[in-house]
Amino acid sequence: MKIQELKKGDYFTIKPIAEPKESQVFVYDGYCRLDKKYVGIRFNDICSCREFKKDTEVYTDFIF
């Protein structure tokens with residue numbers, strides 16, 4: 001699924017991993033109007049975030 005289809009607070013990974021580690025999981029935080037990108041915060045480090053383009057493919061079907 002595309003990152004723009006997620007709801008705030010959804011967990012996702014960038015790669016199709018069946019059982020990811022905590023450092024590989026992101027929490028969707030919403031859209032940044034200033035940068036015009038979507039923001040994901042690492043699950044294990046809330047100070048670490050990453051911005052994604054709207055066409056970025058993300059994976060939500062995993063066991064965590």
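Reply: Start with contacts in this predicted model. Setting aside residues up to four places away in sequence, D29 is in contact with K8, V39 and I41. D29 lies in strand β2.

Me: Is D29 buried, partly exposed or exposed?

Reply: Partly exposed, because its relative accessibility is 33%, and that class covers the range between under 20% for buried and over 50% for exposed.

Me: Which class does G40 fall into?

Reply: G40 counts as buried because its relative accessibility is 0%. G40 lies in strand β3. Apart from residues up to four places away in sequence, G40 touches F12, F26, V27, S48, C49, R50 and F52. For one of these, F26, the C-alpha to C-alpha distance from G40 is 5.6 Å at a sequence separation of 14 residues.

Me: How should I read a pair of aromatic rings?

Reply: Two quantities describe such a pair: the distance of the ring centres and the angle of the planes. By the rule used here, the count comes to 9 aromatic pairs. For F12 and F52, the centres are 5.7 Å apart and the planes stand at 75°, so this pair is edge-to-face. The cut-off behind that label is an angle over 60 degrees.

Me: Where in the chain do F12 and F52 sit?

Reply: F12 is in strand β1 (residues 11-12) and F52 is in strand β4, so the pair links distant parts of the chain, 40 residues apart. Both F12 and F52 are buried.

Me: Which residues do ring pairs link into a cluster?

Reply: Y11, F43, F62 and F64. On the surface, Y11, F43 and F64 form a nonpolar patch, with about 290 Å² of accessible area together. F43 is placed in the loop between β3 (37-42) and β4 (49-52). F43 counts as partly exposed because its relative accessibility is 31%.

Me: What is the general idea of a salt bridge?

Reply: Side chains of opposite charge can pair when their charged atoms come close. In this model, a search of the whole structure finds 1 salt bridge. K2 forms it with E57, and the closest N and O atoms are 3.8 Å apart. The cut-off is 4 Å. K2 lies in the segment before β1 and E57 in the segment after β4, so this pair also links distant parts of the chain, 55 residues apart.

Me: How accessible are K2 and E57?

Reply: K2 is partly exposed, with a relative accessible area of 29%. E57 is partly exposed too, at 37%.

Me: What about polar contacts between a side chain and the backbone?

Reply: Take two threonines. A polar atom of the T56 side chain lies 2.8 Å from the backbone oxygen of K53. T56 is in the segment after β4, and, leaving aside neighbours within four places in sequence, has contacts with M1, K2 and I3. The side chain of T13 reaches the backbone oxygen of K15 at 2.8 Å. T13 is in the loop between β1 and β2.

Me: Is T13 buried or exposed?

Reply: T13 counts as buried, because its relative accessibility is 1%. With neighbours within four places set aside, T13 is in contact with P20, Q24, V25, V58, Y59 and F62.

Me: Last, how do I read a backbone phi value?

Reply: Most residues other than glycine have a negative phi. K36 has a positive value, near 60°. K36 is found in the loop between β2 (26-32) and β3. At 64% relative accessibility, K36 counts as exposed.

Terms used:
Residues are numbered from 1 along each chain as its sequence is written. This is a predicted model: local features need pLDDT of at least 70, side-chain atom pairs count only at pLDDT 80 or more; totals for chains, interfaces and linings use all residues. Side-chain values use heavy atoms; hydrogens and water are left out. Patches are made of residues with over 30% relative accessible area and no salt bridge: like charges are joined within 9 Å, nonpolar side chains (Val, Leu, Ile, Met, Phe, Trp, Tyr) within 5 Å. Accessible areas come from the Shrake-Rupley method with a 1.4 Å probe; for residues, only the protein chains shown count as cover. A salt bridge is a side-chain nitrogen of Lys or Arg within 4 Å of a carboxyl oxygen of Asp or Glu. Helices (H or I, at least four residues) and strands (E, at least two) are DSSP runs, numbered from the N terminus. Buried means under 20% relative accessible area, exposed over 50%, partly exposed in between (1.4 Å probe, protein chains only). Rings of Phe, Tyr and Trp (its six-membered ring) pair if their centres lie within 6.5 Å; planes under 30 degrees apart count as stacked, over 60 as edge-to-face and the rest as tilted. A polar contact is a pair of N or O atoms within 3.5 Å; within protein, one must be able to donate a hydrogen and the other to accept it, and residues adjacent in sequence count only if both atoms are side-chain atoms. Contact means heavy atoms within 4.5 Å.
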